[in-house]
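Try each task on your own before reading its solution.

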Amino acid sequence: MDDVMPLLGKLDQVGPDLHKLLEVTEDLRLAIAGLPGLKMLRRRGEERVEEEAANGS
């Protein structure tokens, strides 16, 4: 418990940085979503994950 208390005192300093990080992440997500061919790549990735899961890898 003694380790947690000092961290709780610093949450107000981390909040603005975390908020900015979330904004940038959302901007990046929107930029990536606009790339041509992204849906096809996502489908291929999902298919590969399903194949690996079926093969026990």
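Predicted model: local features only at pLDDT ≥ 70, side-chain atom pairs only at ≥ 80, totals over all residues.

**Exercise 1. The positive patch**

- Step 1: Arg-43 has a relative accessibility of 48%. Exposed would need over 50% and buried under 20%, so Arg-43 counts as partly exposed.
- Step 2: For a sense of distance, take Gln-13, which is 30 residues from Arg-43 along the chain; the C-alpha atoms of the two are separated by 40 Å.

**Exercise 2. The negative patch**

Which residues gather in a patch of negative charge on the surface, and is Glu-50 buried or exposed?

Solution. 
- Step 1: The negative patch on the surface is made up of Glu-46, Glu-47, Glu-50, Glu-51 and Glu-52.
- Step 2: Glu-50 sits in helix α3, which covers residues 38–55.
- Step 3: The relative accessible area of Glu-50 is 57%. The cut-off for exposed is over 50%, so Glu-50 is exposed.
- Step 4: Now put the charges in the setting of the protein chain, which carries 8 positive and 12 negative side chains. The centres of these two sets are 10 Å apart.

**Exercise 3. Salt bridges**

How many salt bridges does the structure hold, and in which helix does the pair Glu-23 and Lys-20 lie?

Solution. 
- Step 1: The count of salt bridges is 2.
- Step 2: One pairs Glu-23 with Lys-20, and their closest N and O atoms are 3.9 Å apart. The cut-off for a salt bridge is within 4 Å, so this pair qualifies at 3.9 Å.
- Step 3: Both Glu-23 and Lys-20 are in helix α2 (residues 11–33), and their spacing of 3 residues is about one turn of the helix.
- Step 4: Glu-23 is partly exposed, at 36% relative accessibility.
- Step 5: The other pair is Arg-29 and Glu-26, where the closest N and O atoms are 2.8 Å apart.
- Step 6: Arg-29 and Glu-26 also both belong to helix α2, again 3 residues apart, or about one turn of the helix.
- Step 7: On accessibility, Arg-29 is partly exposed at 47%, and Glu-26 is partly exposed at 36%.

**Exercise 4. A nonpolar patch**

Work out which residues make the nonpolar surface patch and which helix gives the largest share of the patch.

Solution. 
- Step 1: Val-4, Met-5, Leu-8 and Leu-11 form this patch, with an area of about 370 Å².
- Step 2: Helix α1 (residues 4–9) supplies the largest share, with 3 residues.
- Step 3: Val-4 is in helix α1, and its relative accessibility of 40% makes Val-4 partly exposed.
- Step 4: Compare another valine: Val-24 is in helix α2, and at 43% relative accessibility Val-24 counts as partly exposed.
- Step 5: Between Val-24 and Val-4 there are 28 Å from C-alpha to C-alpha, with a separation of 20 residues in sequence.

**Exercise 5. The whole chain**

Describe the fold of the protein chain in terms of its elements, its radius of gyration and its share of buried residues.

Solution. 
- Step 1: Count the elements: there are 3 helices and 0 strands. Read from the N terminus, their order is α-α-α.
- Step 2: Check the radius of gyration, which is 20 Å for the protein chain, whereas a compact globule of 57 residues would have one near 10 Å.
- Step 3: Along the principal axes, the C-alpha atoms fill a box of roughly 45 × 35 × 5 Å.
- Step 4: Turn to burial: 2% of the 57 residues count as buried.
- Step 5: Finish with the accessible surface, about 5,500 Å² in total, with 61% of that belonging to carbon and sulfur atoms.

Definitions and conventions
Residues numbered from 1 in each chain as written. Heavy atoms only, no water. Helix = DSSP H or I, 4+ residues; strand = E, 2+ residues; numbered from the N terminus. Rg over C-alpha atoms; globule rule 2.2 N^0.38 Å. Buried < 20%, exposed > 50% of the residue type's maximum accessible area, 1.4 Å probe, protein only. Areas by Shrake-Rupley, 256 points an atom, 1.4 Å probe, with all protein chains shown as cover. Lys, Arg positive; Asp, Glu negative; His and termini not counted. Charge placed at Lys NZ, Arg CZ, Asp CG, Glu CD. Patch = residues over 30% accessible without salt bridge, like charges linked within 9 Å, V, L, I, M, F, W, Y side chains within 5 Å. Salt bridge = Lys/Arg side-chain N within 4 Å of Asp/Glu carboxyl O.
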